[in-house]
Amino acid sequence: MKIDQIHHVAYRCRDAKETVSWYRQMLNMDFVLAVAGEAVPSTGENDPYIHVFLDAGNGNMLAFFELPDRPASTLDPHTPNWVQHIAFRVRDRAELIACKAHLQSNGVDVLGVVDHRMFHSIYFFDPSGHRIELTCPDAKEAEILTRLDAVKWEMLDEWSRTRRAPGHADFLYQRGFEDAIE
């Protein structure tokens, strides 16, 4: 068996209509469909919901559930907010810069552009508090990915033994973190 692609990734939102409007306005995602029910099809549990789907490009969908009868969701207090995020790729740096300007002109606080050497990113939060990353490829992306591919198993094995960051990818951060953010 081999997976073909991600059908959808689902998150919780505080307000489905606000979420659909925000993703349409801020990231130009099309609203694909909504389903709703009083009972959960997979469990039979009585739990009213609406499940909305947005087009994230190339056949991928981003979905959200609004659950009005559940307590408000909270972030995992043991996981830093930079860990859990959704990353979307845009065509190039010009598009990334245009997206940043669009978001900022609509009142969204944006971090970056962050230079990860193989790609460049901006970071921001949606209305439900989900961290979003937009990335674009660097001109040296293919070369860097080839270098990283050659050491991925060694890195994983070393990490598994030591639980310390292996140095195989240090070349990505030779300039220092403060130099990576524009």
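The largest pocket of this predicted model holds about 760 Å³ of space, a pocket being, on a 1 Å grid over the protein atoms alone, an open set of points where a 1.4 Å probe fits, with protein on both sides within 12 Å along at least five of seven lines. Its volume is the space filled by probe spheres set on the points, which are joined across faces, edges and corners. The lining of the largest pocket comprises 26 residues, with Met29, Ala56, Gly57, Phe88 and Arg89 nearest the centre; lining residues are those with an atom within 4 Å of a point. At least two lining residues come from each of strand S1 (8–13), helix H1 (16–27), strand S4 (61–66), strand S5 (85–89) and helix H2 (93–105), where helices (H or I, at least four residues) and strands (E, at least two) are DSSP runs numbered from the N terminus. By class, 16 nonpolar, six polar and four charged residues form this lining, with Ala, Val, Leu, Ile, Met, Phe, Trp, Tyr, Cys and Pro counted as nonpolar, Asp, Glu, Lys and Arg as charged, and the others, Gly among them, as polar.

The second largest pocket has a volume of about 480 Å³ and is lined by 24 residues, of which Ser73, Thr74, Leu75, Ser128 and His130 lie nearest its centre. S1 supplies the largest share of this lining, three residues, and the classes are nine nonpolar, nine polar and six charged residues.

S1 also belongs to an open sheet of four strands, ordered S1-S4-S3-S2 with mixed pairing, two strands being paired if DSSP finds at least two bridges between them. From one strand to the next the twist averages 20 degrees. S1 pairs with S4 in the parallel sense over six bridges, and valine 9 stands opposite leucine 62 in S4. H1 lies across S1, S2, strand S3 (46–55) and S4, at about 10 degrees to S3; angles run from 0 to 180 degrees between N-to-C directions of axes fitted to C-alpha atoms, for helices over the stretch in contact, that is, with heavy atoms within 4.5 Å.

Asparagine 58, in the loop between S3 and S4, has a positive phi of about 55 degrees although it is not a glycine, and is exposed at 77% relative accessibility (buried, under 20%; exposed, over 50%; partly exposed, in between; 1.4 Å probe, protein chains only).

Residues are numbered from 1 along each chain as its sequence is written. Local features need pLDDT of at least 70 and side-chain atom pairs count only at pLDDT 80 or more, whereas totals for chains, interfaces and linings use all residues, and side-chain values use heavy atoms, with hydrogens and water left out.
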